[in-house]
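Have a look at the fold, then work through the notes below.

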Amino acid sequence: YGERGIHLAKIKNANLTVKMLLLLLQGILVGSVAFIILYFGGSHVLMNYYYESDYIYKAETPYVKHLQKYVTENHVAATDFEKLKKWSNKQKISYFLVSRERKILFDNFYVEDNLLKPAENDMLNYTWYFLQNVKFEDGDADVYIYADYEVKIKLFFIFTITAISFGICFVVFIFGIRKEVKYIQKLSESIRQIEGGYWDADIEVRGKDELGNLAYGLEQMRKNLIKKEENEKKMNKNQNKLVLAMAHDLRTPLTSLITFLEIAIKKSANDENQEYIQKSYQKANQIRELTDQVFDFFLIRKQEKIELDPPANVEYAIGEYLSEFCAFVEADGYRVAAGNMKWGEAKVRVYPKYIGRIMDNLVSNIKKYADKDYPIILEMKNNENTIQIVFENQKNTKIEYVKGTGIGIQNIKNMMEQMKGESEIINNENRYAIVLSFPIYIE
C-alpha cells in the first residue's frame, strides 16, 4: 500500500499542463515587452526619417504636379475654396494647405468659407520645409500636401515587429520546453532498450508531473520484468534440475531391468513365454531411449552457450561422423546410397559432442521407422552460404507405426541452432527426410 500511495500522491501533484501554460505566458510576456520596445523605438526612428529626410517632399511632388495641372486647366485661384476642396476630396488627401507669405489662404480642415481669411498659423512653422510652389490664377502660392505617405511603411513596420515578437515568444517557449523534450527523448531511448531486452536501461525519475509519473511507471515495469525474468530462470533451473535428476535416476533401474531381461531371453530360448519377454525387452529399450532423449533435451537447454570448433573443412569436421552413421545402419541390415558427396573447400564450425548425438538420433530413427528393402539416401548439397546434408529413407509400412514424442527431432533442432545452423523435416506419405544446414565460414 505504501508504494502505491506514493504513486497516487505523485499523480495528484501532476502539473505538466500548468508548467506548459506558464512557459507560454512567459513567452507572451517577453514577446509583448519586445513589441513595445520595438514599436516605440522604431516609431521614433521612422519619424526622424520622415521629417529629417526628403521622403515627404518627394512623396508629395506627384500631387503638386497634378494640382498644378488642375489649377491651370480650371483657372483656380489660391482662395478658390470650392474648387480646391473638390480637388482634395477627389484625391483623398488627408491634409491640404495653401499659403502665401507665411499666411494660410486655404486649409481643408476648415469647412466654412468665412474662416478662410488670411491668417498667421503655427502649422507653417513645422511644414515650411515641405512647401512647394504652385502658380495659381491670382499668383504664386506655397502648397503643403499630406496623403498618408508613410501608411504602407507603418503597416510593414508593425507587421515586422509583430512577427519578431511572435518569434521571440516562440523561441522562449521552445527553450523552456527543451528540457522536457530531452527528458522525453531519454525516456523513449530507455523504452527502446527495454524492448530490446536490456533490462538495465537507465530510467531517471524526475519531477512530480505527468512525465515523472510516466518515468516512475516505466521504472516499476522494468523492475517487475527483471523480477519476473529472474523467477522464470530460477523456475526453469529447478525444473531442469528435477527432470535431469529423474531421468538419471530412471537409468539405473532401467539398466538393471534390461540386463535381467537379456538373461531371461537367453535362459528361456524354448519357453512359451519367450515372445512376452522379447516384447518386454523392446519396451524397456524404448523407455531407456526416451529417458536418454529427455535427458539430452534438458541438458541442451541448460547448456546455454557452447564453444564451437574453429572453422574446418567439411570432410574433416563431419566426415568421420557420417562414416560412423553409415557403419551403424549397415551393421543393422540397411543399405546406404551416398551420392553427390563432394566435400569441396568450404569450411564449417561444429560442436563435436552435438554432432555425435545428432547422428545417434538419426540412427535410432532409421532403425525404428525405415524400410530395409530401400536404401538410405545420403546426399550433400553445397549452396552459396550453407552446406546441406540430407538423410532420406523409405517408411516401413509393414510394421505398426508408433508415433513418437518428437523430443529426438526437437533435440536435433536445438543442437543445430546452437551451432548456428538449421534443421528441416520433409515428411510425406512414404518418404521421410531430414536436412541439416551448416553455415559456411569465410576466413
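Asparagine 411 sits in helix 11, taking helices as DSSP runs of H or I with at least four residues and strands as E runs of at least two, both numbered from the N terminus. Its relative accessibility is 0%, so asparagine 411 counts as buried (buried is under 20% relative accessible area, exposed is over 50%, partly exposed is in between, using a 1.4 Å probe and protein chains only). Keep in mind that this is a predicted model: local features need pLDDT of at least 70, side-chain atom pairs count only at pLDDT 80 or more, and totals for chains, interfaces and linings use all residues. Residues are numbered from 1 along each chain as its sequence is written, and side-chain values use heavy atoms, with hydrogens and water left out.

**Around helix 11**

- Asparagine 411 and tyrosine 354 are 57 residues apart in sequence, yet their C-alpha atoms are 9.5 Å apart in space.
- Besides asparagine 411, the buried residues of helix 11 include Gly408, Ile412, Asn414, Met415, Met416 and Gln418.
- Helix 11 has 12 residues, and at 1.5 Å a residue it should span 16 Å; its end C-alpha atoms are 16 Å apart, which agrees (the expected span is 1.5 Å times one less than the number of residues).
- Just after helix 11, lysine 420 takes a positive phi of about 65 degrees.

**Helix packing**

- Two packed helices are described by the angle between their axes and the distance between the axes.
- Helix 10 (residues 352–369) and helix 11 (residues 407–418) have axes that come within 10 Å and cross at roughly 155 degrees (axes are lines fitted to C-alpha atoms, for helices over the stretch in contact, with angles from 0 to 180 degrees between N-to-C directions).
- Helix 10 and helix 11 are therefore roughly antiparallel (under 35 degrees is roughly parallel, over 145 roughly antiparallel, 65 to 115 roughly perpendicular, and the rest oblique).
- The crossing of helix 10 past helix 11 is left-handed (left-handed if the near helix is turned anticlockwise from the far one by less than a right angle, right-handed if clockwise).
- Helix 3 (residues 55–74) packs on helix 4 (residues 81–90) at an angle of about 140 degrees, with the axes 12 Å apart.
- That makes helix 3 oblique to helix 4, and helix 3 passes helix 4 in a right-handed crossing.

**Helix 6**

- Helix 6 covers residues 151–195, and its 45 residues should span 66 Å at 1.5 Å a residue; the end C-alpha atoms are 62 Å apart, which agrees.
- There's a kink of about 40 degrees in helix 6, centred on arginine 178 (the bend at a residue is the angle between axes fitted to the seven residues ending there and the seven starting there).
- Among the buried residues of helix 6 are Phe157, Ile161, Cys169, Phe173, Ile177, Glu180 and Tyr183.

**Salt bridges**

- How many salt bridges does a search of the whole structure find? It turns up 3 (a side-chain nitrogen of Lys or Arg within 4 Å of a carboxyl oxygen of Asp or Glu).
- Aspartate 138 pairs with arginine 100, with the closest N and O atoms 3.4 Å apart.
- This pair links distant parts of the chain, 38 residues apart: aspartate 138 is in the loop between strand 3 and strand 4 (139–146), and arginine 100 is in strand 1 (residues 95–100).
- Both ends count as partly exposed, aspartate 138 at 36% relative accessibility and arginine 100 at 26%.
- Aspartate 140 meets lysine 135 at 3.6 Å, N to O, and aspartate 140 is partly exposed at 38%.
- Glutamate 392 bridges to arginine 431, the closest N and O atoms being 3.2 Å apart.
- That pair also links distant parts of the chain, with glutamate 392 in strand 9 (residues 386–394) and arginine 431 in strand 11 (residues 431–439), 39 residues apart.

**Loops and backbone**

- Most residues other than glycine have a negative phi.
- Histidine 75, in the loop between helix 3 and helix 4, has a positive phi near 50 degrees and is exposed at 52%.
- Lysine 92, in the loop between helix 4 and strand 1, has a positive phi of about 55 degrees and is exposed at 70%.
- Phenylalanine 130 lies in the loop between helix 5 (123–127) and strand 3 (132–136), but is buried at 2%.
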